[in-house]
There are 2 protein chains.
Amino acid sequence: MNPMQMLKEAILSKGKAINQDVLLVDSFLNHQVDVSLMKAVGDAFAAHFSGQSIDRVVTIESSGIAPASFTALAMGLPLVIMKKQTSKILKGDLLQTTVRSFTKGTEYELTAKREFLPAGEKLLLIDDFLASGEAAFGVLNLAQQAGCEVTGVGIVIEKAFQPGHDRLVRAGLDVCSLARVKSMSEKGIEFVD
Amino acid sequence: MNPMQMLKEAILSKGKAINQDVLLVDSFLNHQVDVSLMKAVGDAFAAHFSGQSIDRVVTIESSGIAPASFTALAMGLPLVIMKKQTSKILKGDLLQTTVRSFTKGTEYELTAKREFLPAGEKLLLIDDFLASGEAAFGVLNLAQQAGCEVTGVGIVIEKAFQPGHDRLVRAGLDVCSLARVKSMSEKGIEFVD
């Protein structure tokens, strides 16, 4: 079975749509982790983005770390984990930007050391979810501050009924979402294709 | 080069002892991540703990996730990421215990869903650092609440001058630390062997 099919079957058999916005996948993605599936996911991202002269994989702690680790290994690239700080830190070597999570109604300071985002490099962002795109645009903001460029985005599960995908494509990025959820409710989950 | 040697060389060439207690390894372990090294680390843990009839790998977000993912993949086991919550949550399906970090002077509620720690299972804890052992004993506490047992602990970097290792061995656990730091200061880092 190909990785996208494996992922969709895991979402259908183990995922749980709490309501039209919240998809619970903590039995295989972000609490209990099916690492074989995450390796397949990483290999799929590596296959899609190979040949795009990417220098570095980046992700946001902590649910993106497992798929991003396998992607970075398959591509032979370093990984940078961007941190979620609860407050602004004034230190010259740190880059920060505020990210609002609409799903959770919270905000955090996305944080990375400047030295780990060398100017001129091309970055591939790997994350577990894409919804409004706020977190991804936070990463784009830090990259811009560092003088490097996010050229691709690999997403494990996309809420295709939210604007994130279109916003990133309009910004010129190559967006590869392995599972695109068209709609969901307690009755079930439907994919785009 | 074997994984332990690779790790020690990374610590010596890229690590930075801020003082006698704080070792900065964010250039290859917990911010920028050398995933090839983390895979070697995971393979080394798998080699050490294979044949011990372990059912599940557990770790604590977020620095343990990369080495624990590679360990779980190499052992063919599921991974459970225990969460750091800032406050107690009253929900019947959640297990919690308070963990104090002496290094950082902070505390958090180590949290896991009971369903992801099935009673009777044997657990292998993988973490990036071992110092006082407080985090590891937090994991032991959650495991006990769940009716399962931590039988092994795999540590990337141990501060051997702190009591964590001895406390865990006295509790009957098999502790495998890949790099054991005997002492450190701005002048340099020394290993136990």
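Helices (H or I, at least four residues) and strands (E, at least two) are DSSP runs, numbered from the N terminus. In this report, A:Ser53 lies in the loop between H2 and S4 of chain A. The model is predicted, so local features need pLDDT of at least 70 and side-chain atom pairs count only at pLDDT 80 or more, while totals for chains, interfaces and linings use all residues. Residues are numbered from 1 along each chain as its sequence is written, chains are lettered from A and ligands numbered from 1 in the order in which they are written, and side-chain values use heavy atoms, with hydrogens and water left out.

## The interface

Contact means heavy atoms within 4.5 Å. By that rule, 29 residues of chain A touch 29 residues of chain B. The two chains bury about 2,400 Å² between them, and 63% of this is on carbon and sulfur atoms. Buried area is the accessible area (1.4 Å probe) that two parts lose on being put together, summed over both.

Across the interface of chain A and chain B there are 14 residue pairs in polar contact, both residues at pLDDT 80 or more. A polar contact is a pair of N or O atoms within 3.5 Å; within protein, one must be able to donate a hydrogen and the other to accept it, and residues adjacent in sequence count only if both atoms are side-chain atoms. Several elements give two or more residues to the side of chain A that touches chain B, among them helix H2 (35-49) and strand S7 (106-113) of chain A. H3(A) gives the most to that side, with six residues. By class, the side of chain A that touches chain B has 15 nonpolar, eight polar and six charged residues. Here Ala, Val, Leu, Ile, Met, Phe, Trp, Tyr, Cys and Pro count as nonpolar, Asp, Glu, Lys and Arg as charged, and the others, Gly among them, as polar.

Strands also pair across the interface, where pairing needs at least two bridges found by DSSP. S3(A) and strand S5 (residues 79-85) of chain B run antiparallel and are joined by two bridges. A:Val33 has B:Leu79 as its bridge partner in S5(B).

## Symmetry

A rotation of 180 degrees with 0.0 Å of shift along its axis superposes chain A on chain B, with an RMSD of 0.0 Å. This is the relation of a two-fold axis. In chain A, the C-alpha of A:Ser62 is the nearest to the axis, 2.8 Å from it. The copies meet through the same surface, because 100% of the interface residues of chain A are also interface residues in chain B.

## Salt bridges

A salt bridge is a side-chain nitrogen of Lys or Arg within 4 Å of a carboxyl oxygen of Asp or Glu.

| Salt bridge | N to O distance |
|---|---|
| A:Asp26 and B:Lys113 | 2.7 Å |
| A:Lys88 and A:Glu109 | 3.3 Å |

## Backbone details

The peptide bond from A:Glu61 to A:Ser62 is cis, with omega near -10 degrees. A:Ser53 has a positive phi of about 40 degrees although it is not a glycine.

Definitions and conventions: Least-squares fit on C-alpha atoms with pLDDT ≥ 70 in both.
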